[in-house]
Amino acid sequence: MSNSTITLPGLVDLHVHLRDPGQTHKEDFLSGTSAALAGGFTDIFDMPNNQEPIVSVQALDNKVASAKRQIVCDVGFHFGSLGDNLDQFDKVKDRVSGLKLYLNVTTGNYLLSPESLTKIFMAWDSPKPILVHAEADVIETVLKVTAETGQKTHICHVSCRAELEPIIRAKEAGLPVTCGVTPHHLFLREADEQQLGNYGRMKPALKPQADLDYLWDNLDRVDVIESDHAPHTHAEKDEGAFGVPGLETTLPLLLQAEREGRLSRNDIIAKCADNPRRILGLTPDSTTFIEVDPVEFKITNDNLQTKCGWTPFAGRTGYGRVKTVTLRGKVVYRDGKIMAQPGSGRVI
Ligand code: NCD
Ligand code: ZN
Ligand code: ZN
């Protein structure tokens, strides 16, 4: 053996869409958390844009109950708001990991007007972050509200210079802002849409090479890599649904990029484990870790745990196959098999 096993902490993805309840034909808590384990993730955080949005205690109760029956890794939840549920915040803030707000059109269409932002930010009486879908057209508005209210703000899936540049300026000004990029915005560009067709459709849209270069050149200003795992069926993609799955491809793409000298092992650990843990206030646990076989392979649409059964990265080279996942001292994944009982994961 020339290369030895790669051991990493359990990876954390603060941005996934598991579609349960409501759209379990796309994904459910069992298939989604299985995909997480196959990708080396032990802690994932589910977004509130379900078919029935998670904007009330009752909707949250319902979701958590479904998760408790099925999850095989640890799962936390972000709460949602359309601006008319501020009375729910105090009732849920100890049970969720953050508040998620959508300021651009995307799956679910739970769009907020920027005018309601200050009121919502003020009503979130918690040190837990407010996560926002805010593309270039609204980023300045969000950062202004962050400055006014002092609330911790995480800008999701930063895709281009016009989004990252103002964030860097805000960080330099000392605002409590963090940001994430997705693997698809790092590894796919606008021109790839020709080949990917509808499978290259997501929000924010893929960007020109110059924006990818800017993201890579400024990766040290990016706090986390988030998959934005957003499964849709083939039929739904044909109809133009926004979003791509990512839990099973994030680590092999990043380890391959490490081999190519584009980022370091420490960058991967910081952006896929330590920083998301810090942003969400989670304590690291040395009994939760993964072991990865150092092998090169071709990413394909076969043998995926995600129900959607495809990846926009099919045909690309990945590095590192997850061999085992140990969660709180117990092996929950080994050589392609889920070893944990449905429901044995913990609700965070
Ligand atoms: C996400 C989805 O499908 O839920 N889609 C996407 O294109 N990213 C929603 C989102 O994160 O904006
Ligand atoms: Zn989004
Ligand atoms: Zn998302």
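Author: Start with what a helix is here: a DSSP run of H or I with at least four residues, numbered from the N terminus. Helix 5 spans residues 139-149. Just after helix 5, Gly150 takes a positive phi of about 70 degrees. Keep in mind that this is a predicted model.

Reader: Which residues of helix 5 are called buried, and what makes them so?

Author: Ile139, Val142, Leu143, Val145 and Thr146 are buried. The label means under 20% relative accessible area, so each of these residues falls under that cut-off.

Reader: How do you know that the buried residues of helix 5 line one face?

Author: Look down the axis of helix 5. The buried residues fall within an arc of 155 degrees, so they line one face of the helix.

Reader: What do the buried residues of helix 5 pack against?

Author: Their partners include two helices by name: helix 4 (117-123) and helix 6 (161-172). Strand 6 (130-133), strand 7 (153-155) and strand 8 (177-181) are partners too. Contact here means heavy atoms within 4.5 Å.

Reader: Now the voids. How many cavities of 30 Å³ or more are there, and what makes them cavities?

Author: The structure holds three of that size. A 1.4 Å probe fits in a cavity but cannot get out. The largest cavity holds about 140 Å³ of space. Its lining has 18 residues, and the closest to its centre are His17, Thr106, Lys203, Asp228 and Ala230.

Reader: What is the make-up of the lining of the largest cavity?

Author: Five residues are nonpolar, nine polar and four charged. Asp and Lys count as charged, so Lys203 and Asp228 belong to that class.

Reader: Why is the largest pocket called a pocket rather than a cavity?

Author: A pocket is an open set of points, whereas a probe cannot get out of a cavity. About 450 Å³ of space lies in the largest pocket. Of its 21 lining residues, Ala38, Phe297, Asn303, Arg321 and Tyr333 lie nearest the centre.

Reader: Which strands supply at least two residues of that lining?

Author: Strand 10 (289-298) and strand 11 (317-327) each do. Strand 11 gives the largest share, four residues. By class, the lining divides into seven nonpolar, seven polar and seven charged.

Reader: What makes residues of the second largest pocket count as charged?

Author: Asp, Glu, Lys and Arg are the charged types. The lining includes Asp43, Asp74, Arg277, Asp285, Arg328 and Arg346. These are Asp or Arg, so they count as charged. The lining divides into six charged, three nonpolar and two polar residues. The volume of this pocket is about 210 Å³.

Notes:
Residues are numbered from 1 along each chain as its sequence is written. Chains are lettered from A and ligands numbered from 1 in the order in which they are written. This is a predicted model: local features need pLDDT of at least 70, side-chain atom pairs count only at pLDDT 80 or more; totals for chains, interfaces and linings use all residues. Side-chain values use heavy atoms; hydrogens and water are left out. On a 1 Å grid over the protein atoms alone, a cavity is a set of points where a 1.4 Å probe fits but cannot get out, and a pocket is an open set with protein on both sides within 12 Å along at least five of seven lines; lining residues have an atom within 4 Å of a point. Grid points are joined across faces, edges and corners, and a volume is the space filled by probe spheres set on the points. Buried means under 20% relative accessible area, exposed over 50%, partly exposed in between (1.4 Å probe, protein chains only). The arc is that of the directions from the helix axis to the C-beta atoms.
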